[in-house]
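Me: I am new to this structure and would like to learn how to read it feature by feature. Could we go through it slowly, with the general idea before each case?

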Amino acid sequence: MCAITLNNNILGSFTKQYDKIYDFDQIVYYDSTKETLELEETLIDNGITNYSKIYSTIVYLNMPNGKNVHTYLYVGESDEINKIIHLYDLDGENYIFTKGVWSSCSYQEEFGTKVGENIIFTDFSSRKHEIKVDGFFEYYLLNNLLIMDNETFKEEFDTEFLPNAILLNSVLAILCIL
């Protein structure tokens, strides 16, 4: 009974992540200093309109237990994030992302952190940031994820947000190209 329950929950988590939360299964990274118009035109010419431009980077969460764990930070305009990532809070309610920082539920579950409390992370320049968590969302992948809007990013990092990745659904992309 235990093995069947574990098997069903583990197999179901992949479906929840990619059917309920993510509308993408591929991340295409590109040089953010170059014009992306050609890349976007190629996507649109092939009928691919459901994609989002974000900034993706790795930061290190400074965990309450003293360990540092790498996590992904996705930054974008709220409408870009909302069209390809669906945030469900821990009560299962769908949340329309607007502003702030949301963390995957694994951090909350492990450390008991609550909405409004701060998390600390070290960025790509080895600077520490202490920032208030605006929410936790369902998430079924092994790593952690932080989602931040572009305004909060600018306030916290004192730099403009420049997309360096496109999130898209490769199955839809292949079907559109065929």
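Predicted model: local features only at pLDDT ≥ 70, side-chain atom pairs only at ≥ 80, totals over all residues.

Me: Where does Ile 81 sit, and which residues does Ile 81 touch?

Reply: Helices and strands are DSSP runs numbered from the N terminus, a helix being H or I over at least four residues and a strand being E over at least two. Ile 81 belongs to helix α3, which covers residues 78-82. A contact means heavy atoms within 4.5 Å, and once residues up to four places away in sequence are set aside, Ile 81 touches Val 75, Gly 76, Phe 97, Ile 147 and Met 148.

Me: How many helices and strands does the chain have, and what share of its residues counts as buried?

Reply: The chain has six helices and eleven strands, and 41% of its 178 residues count as buried. Contacts can also be sorted by separation in sequence: of those between residues at least 6 apart, 71% join residues at least 24 apart.

Me: How many salt bridges does a search of the whole structure find?

Reply: Side chains of opposite charge can pair when their charged atoms come close. The criterion here is a side-chain nitrogen of Lys or Arg within 4 Å of a carboxyl oxygen of Asp or Glu, and the search finds six such salt bridges. One of them joins the side chains of Glu 40 and Lys 53, at 3.4 Å from N to O. Glu 40 lies in helix α2 and Lys 53 in strand β2 (residues 51-62), so this pair ties together parts that are 13 residues apart in sequence. Glu 40 is buried at a relative accessible area of 15%, whereas Lys 53 is partly exposed at 25%.

Me: Which parts of the chain does the salt bridge of Lys 99 and Glu 155 tie together?

Reply: The side chains of Lys 99 and Glu 155 meet at 3.5 Å, N to O. Lys 99 lies in the loop between β5 (94-95) and β6 (101-104), and Glu 155 in helix α5 (residues 150-157), so the parts tied together are 56 residues apart in sequence. Lys 99 is partly exposed, with a relative accessible area of 36%, while Glu 155 is exposed, with 62%.

Me: Where is Asn 169 placed, and which residues is Asn 169 in contact with?

Reply: Asn 169 is in the loop between β11 (165-168) and α6 (170-177), and at 19% relative accessibility this residue counts as buried. Leaving aside neighbours within four places in sequence, Asn 169 is in contact with Asp 23, Phe 24 and Asp 25. The C-alpha atoms of Asn 169 and Gln 26 are separated by 6.0 Å, although these residues are 143 apart along the chain.

Me: What is the phi of Ser 126, and where does Ser 126 lie?

Reply: The backbone angle to read here is phi, which for Ser 126 is near 65°, a positive value in a residue other than glycine. Ser 126 lies in the loop between β7 (118-122) and β8 (128-132), and is exposed, with a relative accessible area of 65%. Asp 158 has a positive phi of about 55° although it is not a glycine; Asp 158 is placed in the loop between α5 and β11, and is exposed at 71%.

Conventions: Residues numbered from 1 in each chain as written. Heavy atoms only, no water. Buried < 20%, exposed > 50% of the residue type's maximum accessible area, 1.4 Å probe, protein only.
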